[in-house]
Amino acid sequence: MSDLVRAGLIQQRWTGDKDSMIANAVDAIGKAASQGTQVVCLQELFYGPYFCQIQDADYYSYTEGIPDGPTTKLMQEVAERHGVVLVVPMYEQEQPGVYYNTAAVIDADGKYLGKHRKNHIPQVKGFWEKFYFRPGNLGYPVFDTAVGRIGVYICYERHFPEGWRALGLAGAKIVFNPSATSRGLSEYLWRLEQPAAAVANEYYVGTINRVGVEPLGDNDFYGQSYFADPRGQLVGEAASDTEEEIVVRDLDMGRLAEVRDLWAFYRDRRPDSYGPLTEA
């Protein structure tokens, strides 16, 4: 495997309907693939508005089965057509009335590899997620893909260091954090938390946010999607804070070994002293 992985993030604006959002994403994946991108991640709940700004059971209709739903099947075809690994965040129905905020992971040959269900669910003004989602029950899986081992951590989860570390301990080399976050609440943290997680866990982080104000509320989604390397530095510039964008960056996987040899955080961990953290 080459030491360089060309990775992409798709930053979108709500178009007004599910079908056009999916079409927009498929088109963007094709454009990223035409630039040689090998792995692409879409934004949180990519095919819908961020409906968690309100509490309305009508939005349960956005759920699909994973992997048996139509969007997963479509994205398997897209992955195989372009030879790219895809991370596809969707609203999952496990059974009637049981819903999760989930990301499917699809390999470059179109094979469905598994999913991550968001474990940490917020319930604050403009982010009424407990109305829509059960907490995830699949832990922190890492997926063996054509570009190596990747993990997923969804939006609000980025505030919790334990999952970041679990993904690193499981061998993740790139962790994607698809999000929907707005100005005034967490923008000051946006370029702090994910680079810090990349440093603490010595891997790459790719973080995605949508853009624009949607009809369901006044959340102003500020984009600024980016990749951070294991030194905590951005790989290239962050995306626009107002416009749709396809972010494509080359990630030097050889840097992971350099950083781990230099800082040796995994060597110096003291799990024998951490027991009380899980007892509180």
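Guide: Gly151 stands opposite Val175 in E10. The model is predicted, with local features requiring pLDDT of at least 70, side-chain atom pairs counting only at pLDDT 80 or more, and totals for chains, interfaces and linings using all residues. Residues are numbered from 1 along each chain as its sequence is written, and side-chain values use heavy atoms, with hydrogens and water left out.

Strand E9 (residues 148-152) runs parallel to strand E10 (residues 174-179), and three bridges join the two. Strands count as paired if DSSP finds at least two bridges between them; helices (H or I, at least four residues) and strands (E, at least two) are DSSP runs numbered from the N terminus. In general, strands of a sheet pair through backbone hydrogen bonds, either parallel or antiparallel.

The pair E9 and E10 belongs to an open sheet of five strands with mixed pairing, ordered E8-E9-E10-E11-E14. Its edges are strand E8 (142-145) and strand E14 (226-228), each of which pairs on one side only. On average, neighbouring strands of this sheet are turned by 25 degrees against each other, direction ignored. Helix H3 (residues 161-169) packs on the sheet and touches E8, E9, E10 and strand E11 (204-209), contact meaning heavy atoms within 4.5 Å. The direction of H3 makes about 145 degrees with that of E10; axes are lines fitted to C-alpha atoms, for helices over the stretch in contact, and angles run from 0 to 180 degrees between N-to-C directions.

The largest pocket has a volume of about 390 Å³. A pocket is an open set of points on a 1 Å grid over the protein atoms alone, where a 1.4 Å probe fits, with protein on both sides within 12 Å along at least five of seven lines; lining residues have an atom within 4 Å of a point. Grid points are joined across faces, edges and corners, and a volume is the space filled by probe spheres set on the points. Of the 16 residues lining this largest pocket, Pro161, Glu162, Arg165, Tyr274 and Leu277 are the closest to its centre. H3 and helix H4 (187-201) are the elements that give two or more residues to the lining of the largest pocket.

The second largest pocket, with a volume of about 170 Å³, is lined by 14 residues, of which Phe127, Tyr156, His159, Thr181 and Leu185 lie nearest its centre.

The protein chain has five helices and 15 strands.
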